[in-house]
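Open the model in your viewer and keep the selection tool ready. The tour goes stop by stop.

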Amino acid sequence: MTYYKHCFVVMRYRCIFALLLFLLPLVSPAVGYEAYLETLNGRNEWTEAQLSRMTVREKIAQLMMVAVYSNKNKKNEQTVTRLINNYKVGGIIFFQGNLVTQAKLTNRYQSLSTIPLLIAMDAEWGIGMRLDSVDNLPFQLVVGATRNAQYSYRMGSEIAKQFQCLGMHINFAPVADLNNNPANPVINVRSFGEEKKMVTNYLVAFMQGLQDNGVLACAKHFPGHGNTNIDSHIEIPTVYQTRFAIEQNELYPFKELINKNIACMMMGHLRVPVLDKSFEIASLSPRITTELLQKKMGFRGLIFTDGMPMKAVSQRYNAPAANLRALIAGNDVLVDPLDVPASIDTIEDAVKRGVFSMELLDHHCRKVLNTKYYFGLHKGAPKVPETGLAKCINSQLVESVKNQIIEGSLILATDKQRLVPIKSTINEKIAYIEIGNNPKNTFYQTAQQYVNIHKFSITQFQPDTYLHLLDSLSAYSLVIVGYMDIQQRRPQRNYGMDSEVCSFLLRVAQLCPTIVTLYASPYTASQLMYPNLFAGLLIAHNVETDYQKAAADALFGTIPILGRCPVTVPNVFVLEQGIQRKRILRLKNGTPQELGIKTDRLKKVDEMIAAAIKEHAFPGCQVLAAHKGVAFYNKSFGYHTYNNDRPVTSSDLYDIASLTKVVGTLPMIMKMYEQKELELDEPIEKYIALPEKSNKNSLQVRDLLMHQAGLQAWLPLITKFLIATPNSSLPALDGNFFATQFSPEYPLPIADNIWAKKSIQQRIYQVIDSSELSYTKTLFKKNVPYLYSDLGFYYLQRIAEQNKNSTIAQQVDSLFFRPLGMQHTTYLPLQKFGKRNIVPTELEEPFRRQLIHGYVHDQGAALMGGVAGHAGLFATANDLAKYLQMLLWLGNYGGMQFLKPATVELFTKYQSSDSRRALGFDKPEPNPKKASPICPEASPSSYGHTGFTGTMVWVDPEREMLFVFLSNRVHPSASNNLITTSNIRSNILSEFLKAIDEKQK
């Protein structure tokens, strides 16, 4: 290492060390919760000093955690400020609001408080549960459906990190209730499930995820709120069970959490007569809070009440009386106490009268202060950053954990015909019925990437709507239903499911195979009529976009279906029921997060493309990169033209030019080869008729594919069909070959209002057949040098078409494009799509004298009527990625084997030491002295091709990676070659390869 490098490294590490020292106060101590419990129940100088100088009223105030809303007006802020300044309350709990305001309020309130505040939030599924601009993590029941407690740990970990970003200490989670009553309206999806051991595994994992990352976990609602059909927010629930049943079930998770050193416990506002015969609410009951929880079960942590304004309490007691009862019962902290001043007065009076002992008050207060000591608050509260919060909260890991949980939670209840996953879509005509308002249409958009489906929407339920739709559905072979309008926690109202809709779905199922997806909890399936009559029933838990995407991915097999029902649903699910389905090999549209790819590198790609568009290298483009079968980057940029009148979308078709060689012609040649209909080293005269003395008769198929057949690089074919015109330097089209209208004699579309004679194709073949070779084999030079030429693919097209007695367009469409789901890949795109969906190419002057829009740009291919071996295909990046992924998976895709692995391996490898070319494909140049067509990071096993219009495809098997770049750099003139001189396509690929390599390190 040089001296300067050494200095740089030293300075770098000094900067990192200084940054860590700066951030250190924001990070809670490394958590060993046995140490926390020892601190909590022990003595330290700071706590004892505080207790010695505090008044009785101040000690009482330390036991109060008041509510803060960062989305309310100044009145709430002033109220909390008054409670801190005048009464010295000990903590705050944040409810609804936004990130920046909460950070500012935290800093303000901590600066006002003489003793720093304990800060909590009820964030069972992350702070998105309370704050806007933050994604929700899944409900606990969704996590329970994954049957993987590791997800629970990771979720707890990420929530803890969110808390750290905002300077919070306690999360009132997890819900430790067993949801063993399907009619429970308040616990429901907030529980991991009903089976005690499974639920406990998830609870312990979640707790450890929080506590391993510096945040106190708080189990609730002791002694168990699951087996009731009453919401304690509204009235008092009562759990009528035997003591044995409660000890065996409800108390089991709490016992195990206590054994694993959970830090905190929240008492439930419910009555359990067998535990307290006086029918006192558990949170106010000394028998339950002190005798059972602390003495019998040995809990030594911090005890919180549930929210004191809840009607289960507030309807029975006034606020001061309820707060006093809670403290006497054994709670350490009152959560959101009403009427703080009057409550302090009442509790102080109780202390004076001996109703509430000073010893018990000090005990509670000492635990609160010791908790603050444990978090280092005795040294002062660190300031929460008020900028950069969104990045801190919505981290890449949070998104990754969320998606993994969602994908692992989908539950397949029935699949009698084994339709799931939907494999071959060649002959399928699929209808999608969406029930309810769903403005984002995520399921439909995702499914459209796999197969063409016809969407029907039902927002208002009327008999005429049903009858009309039933008539329309008779033409379809499969129906997928997405039921959106369902309420998660309304069992008393049938979860919002309409009986008429359920009756309609039953009729659809009787008409044709029907797969129903419910975007709500498994309990909602109980409202379906005869659910087992559906061909498929999928539970997707939630209507949010991530769940819709996962449902589409699961039904079309890009993710496995692994979920099992964590609860019993009468007439639908027994506990742990769920049909498992493996993933099939089909390209998935995903995110960089799920692959562990850093987004910073991808932002550089965005910047490179934006700069290229600004420099007019091309008006717009589509770019896609995939790794391990997941398209982690799939974006559209810019506009169709420099007029900026139509933005590029993912469904817009580009003229892919010479990519046609490897996407259209080559797969047919590969198929003929493996079916032994073609030999690579046979002369082409064996497969097509050529003039008797043609110099092309002995050319071999292999040499055509490798561009070593001695064919000329280019022939000016168009000049054979032009005539000179008076008073113009530009020639005109020969009227003997072209007409302005379609007719049987002029059937070939060349451009708008230009049609060519059918015989023109034979004329082109004659010109090529009679052309001179650029190089001939001799006795001394057996290998013809590499010279890239389109002409060889004219011959390969003729070979394929003569062998199959059909056009190459028909062949490749039926054997590859349609089975692969490449619904936007076609020759002659105007026969299927409007011009608004097709990106234009050149404003062509010498030949067609118009903007080429919807017709092939290549003049030779245009003379062939738009279908040629070397050019003519139009496609989207998403479609081309499917084809490339099929090659990457050695011919397998969507449950079908399109090509044999040996065939793919043969055609994509180097063929000789004299050329870098594979069979049809281009490859990296192995000779360091020669220029390579691709970036140096590409592996020797990689292969691909470029196109004249500004396109590229590339596959790197070593990295399990593929890349697609589509642009119309030839607009408005083909003379614009900035895309090549700036090496834009190769440089972008380089960034993707580096991103994958960094991830693998």
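Where is the place of Pro972? Select Pro972: its place is in the loop between strand E31 (961-967) and helix H33 (978-981). Keep in mind that this is a predicted model. The peptide bond from His971 to Pro972 is cis, with omega near -5 degrees.

Next, go to Lys220 and His221. A cis peptide bond joins Lys220 and His221 as well, with omega about 0 degrees. His221 sits in strand E5 (residues 216-222). Most peptide bonds are trans, and most residues other than glycine have a negative phi.

**Positive phi**

Select Asn441. Its phi is positive, about 50 degrees, although Asn441 is not a glycine. Look for Asn441 in the loop between strand E10 (430-435) and helix H19 (442-448). Is Asn441 buried or exposed? Asn441 counts as buried, because its relative accessibility is 19% and the cut-off for buried is under 20%.

Move to His616. Here phi is near 65 degrees, again positive in a residue other than glycine. His616 belongs to the loop between H24 and strand E16 (620-627). With a relative accessible area of 43%, His616 is partly exposed.

**Salt bridges**

The structure holds 48 salt bridges.

Select Arg190 and Glu124. They form a salt bridge, and their closest N and O atoms are 2.7 Å apart. Arg190 lies in the loop between strand E4 (170-171) and helix H9 (196-211), and Glu124 in the loop between strand E3 (118-121) and helix H7 (140-145), so the pair ties together parts that are 66 residues apart in sequence. Arg190 counts as buried at 7% relative accessibility. Glu124 counts as buried at 1%.

Now pick Lys604 and Glu991. Their side chains meet in a salt bridge of 3.5 Å, N to O. Lys604 is in helix H24 (residues 599-614) and Glu991 in helix H34 (residues 984-1000), so this pair ties together parts that are 387 residues apart in sequence. Lys604 is partly exposed, at 38% relative accessible area. Glu991 is buried, at 5% relative accessibility.

Then select Glu677 and Lys804. This salt bridge has its closest N and O atoms 3.1 Å apart. Glu677 lies in the loop between H25 and helix H26 (701-706) and Lys804 in helix H28, so the pair ties together parts that are 127 residues apart in sequence. Glu677 is partly exposed at 28% relative accessibility. Lys804 is partly exposed too, with a relative accessible area of 28%.

The axes of helix H25 (residues 659-674) and helix H28 (residues 791-804) come within 10 Å and cross at roughly 50 degrees. That angle makes H25 oblique to H28. The crossing of H25 and H28 is left-handed.

Turn to helix H18 (residues 396-409) and helix H22 (residues 545-555). They pack at an angle of about 50 degrees, and their axes are 9 Å apart. H18 and H22 are therefore oblique to each other. H18 passes H22 in a right-handed crossing.

**Last stop: the surface**

Which residues make the nonpolar surface patch of about 320 Å²? Select Met529, Tyr530 and Leu533. Leu533 has its place in the loop between strand E13 (514-518) and strand E14 (536-539). Leu533 counts as partly exposed, at 45% relative accessibility.

Methods: Residues are numbered from 1 along each chain as its sequence is written. This is a predicted model: local features need pLDDT of at least 70, side-chain atom pairs count only at pLDDT 80 or more; totals for chains, interfaces and linings use all residues. Side-chain values use heavy atoms; hydrogens and water are left out. Patches are made of residues with over 30% relative accessible area and no salt bridge: like charges are joined within 9 Å, nonpolar side chains (Val, Leu, Ile, Met, Phe, Trp, Tyr) within 5 Å. Accessible areas come from the Shrake-Rupley method with a 1.4 Å probe; for residues, only the protein chains shown count as cover. A salt bridge is a side-chain nitrogen of Lys or Arg within 4 Å of a carboxyl oxygen of Asp or Glu. Helices (H or I, at least four residues) and strands (E, at least two) are DSSP runs, numbered from the N terminus. Buried means under 20% relative accessible area, exposed over 50%, partly exposed in between (1.4 Å probe, protein chains only). Axes are lines fitted to C-alpha atoms, for helices over the stretch in contact, and angles run from 0 to 180 degrees between N-to-C directions. Angles under 35 degrees count as roughly parallel, over 145 as roughly antiparallel, 65 to 115 as roughly perpendicular and the rest as oblique. A crossing is left-handed if the near helix is turned anticlockwise from the far one by less than a right angle, and right-handed if clockwise.
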